[in-house]
Amino acid sequence: MTKKSVFRILTAALLCALTVTPEASAEPARATAGAADWTGPLSTRGRWIVDADGNRFRLRSGNWHGASGTWNGSGDPEADSGHHAGENSGRMPLGLDRAPVAEIVAGFEELGINSVRLPFSNEMVHDTRPVTDDSVAANPGLRGSTPLQVYDVVVRELTEAGLAVILNNHTNTTRWCCGVDGNERWNASRSTAEWENDWVFMARRYRDNDRVVGADLYNEVRRSVWDDPNWGLGDDHDWFAASQRVADRILTEANPDLLIVVEGINWTGVPVDGLPHGRPTLEPVRTLSHTLLASDKLVYSAHFYDYTGPNHSGATGLGETSDPRYRDLSPSDLIAVLNRQAFFVTEPDRHYTAPLWISEFGVGGREETGQKARAWFENFVDQLIRTDADFAYWPLVGWHEGRTGNGWALLHWDAQGHRMGLYDGDDWRAAAWTRLMSAPSRTGPVAPVSRWSMLSPDHGDFVRSRRVRDAGDWDPGARKAACPDGRRLIGLAHTGNRGLCTDTAVSLRWDPARAHEVVKDERHVRPGADWASGYTKLQCADGQFLVGYAVRGAAVSSALCVPAPPGTLPGGPGRTVWFDRGDNRGAAAKGGDFAQGHYKGQCADGEYAAGIACTGRIGSSRTPDALYCRAPR
């Protein structure tokens, strides 16, 4: 049984609005590093995740679901029949009624994974009802515990076994995902402030455990009956803004060591032929990417299943559209779509460059006879191998009775505690899984790389520097943008207010002993050195470089200049880069298109920006027209 039933619910609602232990065969050999062979915390270098020693750490993960809920939303929540595939998790990770936690974790290690995505609901965080004795029959020590206390034990057991844990806020309410179910957005069933506070609570709760490595912010953001989520409109449905904001709170108030995992938008529109609808996934990132206060903590994620598609919700029957599912695509077309929707974020030297974690993919097991579904799984595994991507299979744990049941899981237990495993000899997925786990993959040290990031003060302040934030409001009433600490401003858009930051080629440091300077006039333009005649020039002093700017409407309000340590940035020659009538970024400029549809100017990699020119003459709006670019001597 798959998630298809959920998509039927989604479509219908929108239309209305409009046994054995594994001993039969030996487990195939796999070339995988031990789960404990790494040092936390984790961070990123370009497209790679690395451990505390700078070695590549590939998330070879699985999902242990249940704590976010398995109840379908109707019928008796205590009866198994009311739960997805008849599997009742009891408001905690699935399977604790059938097998000891240690046995389940040992099964994960046999599969070769090194990390677990562990879903939870906001309701679970506050649920004070003890779990039932029957639901923890195989773990009697958990009797009388709340779901959160059970979650604590599971986290402890996983991490003590050397596995990394990624906390995943899967749903608001404790029920099965994902349809029109009150969990479509992070704030569907609770306020944004409550959601943020829950994340701060959870991140703090495990901050002393360096094998709790990530915060996966929310699962499959999608349309409700009436409304779509969006990426960058600045309203209550803006997933870009909400994820950016909660990430900052997690990193500053709770745990600065966590990876921040941001999934794209899973669905927008009404799935009816002739009406707009689709699965944006990570495509909006190409034109509007996150810039976190901790710039080495961002990971993007996406989900892919055979029965869904780039414009197909996964529904069958009522509401099914004529759009192809992923399984209908040829191998070459599948690769092109996957690259367009998600895998492009691993491209180097872009404002959006980040690791990509396919945090859900999966397929039916023994009972899946569809050749298209099987071929899709093989092709998708090929894509994961070819791209060396991070991944998490959905799900790890399931139930079986007489070797039948929800066959999607890799490990199943029956009511008597007998396990059915992937390597029992009768699961067609075993060969593909072995191929994925044993394929050559980058290992060892990952060298630091140049970093590029976007500034987007579209609807309010976008100050990415902790030091600037701590200094207070440097241009009251204006929308302010500042580069992350350790980076400099290198590019600006003529309109649209976007900027580009980097640390490439030139290593510039803000002198820790001296404050920034807010420049609103031409005080630092030397006589005889007018680099933009007839224009207002907001220029940094010699020995300073630009890290930010402020705007009022479209107009430049001020430039934010910071001093380098004395003697480290002698005033070199400068040049004017005009971009008021077209792009002026040089040949093969790095960073990507940081202001799509707008003219942009950019200093060369070996330069730094030291001034912004604008004009208020008739026909102009004091938008940036030129940059003053200088090269250190």
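This is a predicted model: local features need pLDDT of at least 70, side-chain atom pairs count only at pLDDT 80 or more; totals for chains, interfaces and linings use all residues.
Okay, let's start with the packing. The largest nonpolar core here has 133 residues, and the ones with the most contacts inside it are Trp 64, Phe 108, Trp 239 and Trp 433. Helix H6, residues 239-254, gives this core its largest share, eight residues. There's another core lying apart from it, with 24 residues, and Ala 482, Leu 560, Tyr 608 and Ala 626 are among them. As background, nonpolar side chains in soluble globular proteins tend to be buried together.

Now zoom in on helix H4. That's residues 147-160, so to speak a 14-residue piece, and it reaches 20 Å from first C-alpha to last, close to the 20 Å expected at 1.5 Å a residue. Which residues of H4 are buried? The list is Pro 147, Leu 148, Val 150, Tyr 151, Val 153, Val 154, Val 155, Leu 158 and Thr 159. And what covers them? The cover includes helices H2 (101-111), H3 (122-126) and H5 (192-205), plus strands E4 (115-121), E5 (164-171) and E6 (212-216). After H4 comes Gly 162, with a positive phi near 95 degrees.

Next, the backbone, for anyone who likes checking torsions. There's a cis peptide bond between Gly 40 and Pro 41, with omega about 0 degrees. Pro 41 sits in the loop between helix H1 (4-17) and strand E1 (43-45). Another cis bond joins Trp 394 and Pro 395, and there omega is about -15 degrees. You'll find Pro 395 in the loop between strands E12 (390-393) and E13 (397-399).

Arg 91 has phi near 70 degrees, and it's in the loop between strand E3 (60-63) and H2. Is Arg 91 buried or exposed? It counts as buried, because its relative accessibility is 15% and the cut-off is under 20%. Asn 497 has phi near 75 degrees, in the loop between strands E19 (488-493) and E20 (499-502). Asn 497 is buried too, with a relative accessible area of 12%.

Last topic, cysteines. How many disulfides does the structure hold? Four, and counting bonded cysteines along the chain, the pattern goes 1-2, 3-4, 5-6, 7-8.

Please look at Cys 177 and Cys 178: they form a disulfide with the sulfur atoms 1.4 Å apart. The torsion about that S-S bond is about 85 degrees, so the disulfide is right-handed. Both Cys 177 and Cys 178 are buried.

Cys 483 and Cys 501 are joined with an S to S distance of 2.1 Å. Here the torsion is about -80 degrees, so this one is left-handed. Cys 483 is in the loop between strand E18 (479-482) and E19, while Cys 501 is in strand E20, 18 residues apart.

Cys 540 and Cys 561 are also bonded, S to S 2.1 Å, and at -85 degrees about the S-S bond the link is left-handed. Cys 540 is in the loop between strands E22 (536-539) and E23 (544-552) and Cys 561 is in strand E24 (residues 555-563), so the pair ties together parts 21 residues apart in sequence. Cys 540 is buried at 0% relative accessibility, and Cys 561 is at 0% as well.

And then there's Cys 614, which is in no disulfide; the nearest cysteine sulfur belongs to Cys 561, 13 Å away. Cys 614 is buried, at 0% relative accessibility.

Notes
Residues are numbered from 1 along each chain as its sequence is written. Side-chain values use heavy atoms; hydrogens and water are left out. Helices (H or I, at least four residues) and strands (E, at least two) are DSSP runs, numbered from the N terminus. The expected span of a helix is 1.5 Å times one less than its number of residues. Buried means under 20% relative accessible area, exposed over 50%, partly exposed in between (1.4 Å probe, protein chains only). Contact means heavy atoms within 4.5 Å. A nonpolar core is a set of buried Ala, Val, Leu, Ile, Met, Phe, Trp, Tyr and Cys residues joined through side-chain atoms within 4.5 Å. A disulfide is a pair of cysteine sulfur atoms within 2.5 Å.
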